[in-house]
Amino acid sequence: MRGGLASFDERLARQFTVEGYDTTIYTFSLQYPGFLFPGTTQYSSEPAPTDLKIKKCINSINPLNWIVVGNELRRMKPDLVVVRYWLPLMGPCLGSILRLIKKNRFTKVVCIADNVIPHEKRFGDKPFTRYFVKPVDAFVTMSAKVKKDLLQFTNKPAQQVVHPLYDNFGEALSKEEARKKLELPVNEKIILFFGFIRKYKGLDLLLEAMNDERIRAANIKLLIAGEFYEKREEYDAIIEKLKLHPQLLLRTDFIADSEVRYYLSAADFVIQPYRNATQSGVTPLAYHFEKPMLVTNVGGLPDLVPDKKVGVITEPNPKAIADGLLELYALGEDHFLPYLKEEKKKYSWHKLAEALTQS
């Protein structure tokens, strides 16, 4: 599988292995039915990891499959099952598998809850989540908001752990080297919007901020790197209406893992103009590559980005975002670097593994 969740799970599996655990990833043979998947493909074009045991066997929409997988894990009697929960659509599948596992009266189930209340609400969200949480023994969240949201569904033990660094994409490159690799202008001011493009991530707000006369005068370019996970016509219309083409560098295909470090290394700053959020995997990615950030004052984002130290915090509107962009450049990259180096020490995979095994 491709995407941030898959990369996270692979990195976590490596941490468990380093710490002496016999670790296997049970992943999806079918994650989303084609008509529900917003991108081009659910699968990575890169080779599967050779250092991990990965079993592709879970079909998210086939109840007979859930019985097979659940019974297999029940008989295996693992000490610990770690399960991700990010979307209520997965509640029936994962909740059914976990119920069967728990029949062995031995295995402990701990959930990493990315989202409990989804960004885009749909029919069935609450009953699916209630069904899922029942067989779970404990929860680990990566934001205070998700931990609070859990209280709507369960009073089971929950602890908050900082999202670890995405240190599995390689080391940073010089800005010049990265820009040459991506065929970007070497001496321009370039900010980065990175990741899947969805409504809640606020790219439209950032595009409107790029229309600010001060941003145009400063000749700041916006690099958009990520695949559209919704219809792109709304964004194209904004770009056309505001005549933003000269200010944009568009790389709106899926960014493979092997390319990630080039995009992060090429940017001056990483911009997260979200309308709402729990936490973001882009934040620990920026920390790893020591890139200052702009984040909006929503969800758990401000908790991870000390204002004026590792970035700036703004309100989620175009004027405030434009102000924040100018403040980043006024302070300069060197201002943030000592704080980034110190703050990133908190983002440990060992701490997450420890929380999961001791929950």
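## Lining of the largest cavity

In this predicted model, helices α7 (203-210) and α9 (233-242) each give at least two residues to the lining of the largest cavity. Helices are DSSP runs of H or I with at least four residues, and strands are runs of E with at least two, numbered from the N terminus. The largest share, three residues, comes from α9.

The lining consists of L203, L207, I224, F228, R232, Y235, D236, I239, L250 and T252. Seven are nonpolar, one is polar and two are charged. Here Ala, Val, Leu, Ile, Met, Phe, Trp, Tyr, Cys and Pro count as nonpolar, Asp, Glu, Lys and Arg as charged, and the others, Gly among them, as polar.

## Cavity count and volume

One cavity of 30 Å³ or more is counted. The largest cavity holds about 50 Å³ of space. A cavity is a set of points on a 1 Å grid, over the protein atoms alone, where a 1.4 Å probe fits but cannot get out; lining residues have an atom within 4 Å of a point. Points are joined across faces, edges and corners, and the volume is the space filled by probe spheres set on them.

## Helix α6

In α6 (residues 175-182), A178, R179 and L182 are buried (under 20% relative accessible area, 1.4 Å probe, protein chains only). Viewed down the axis of α6, these buried residues fall within an arc of 95 degrees, so they line one face of the helix. The arc is taken from the directions from the helix axis to the C-beta atoms.

The buried residues of α6 pack against β7 (189-194), β9 (248-251) and α10 (260-266), with contact meaning heavy atoms within 4.5 Å. Just after α6, E183 has a positive phi of about 60 degrees.

## Basis

Residues are numbered from 1 along each chain as its sequence is written, and side-chain values use heavy atoms, without hydrogens and water. Local features need pLDDT of at least 70 and side-chain atom pairs count only at pLDDT 80 or more, while totals for chains, interfaces and linings use all residues.

Definitions and conventions. 1 Å grid on protein atoms, 1.4 Å probe; cavity = no way out; pocket = protein on both sides within 12 Å on 5 of 7 lines; lining within 4 Å. Buried < 20%, exposed > 50% of the residue type's maximum accessible area, 1.4 Å probe, protein only.
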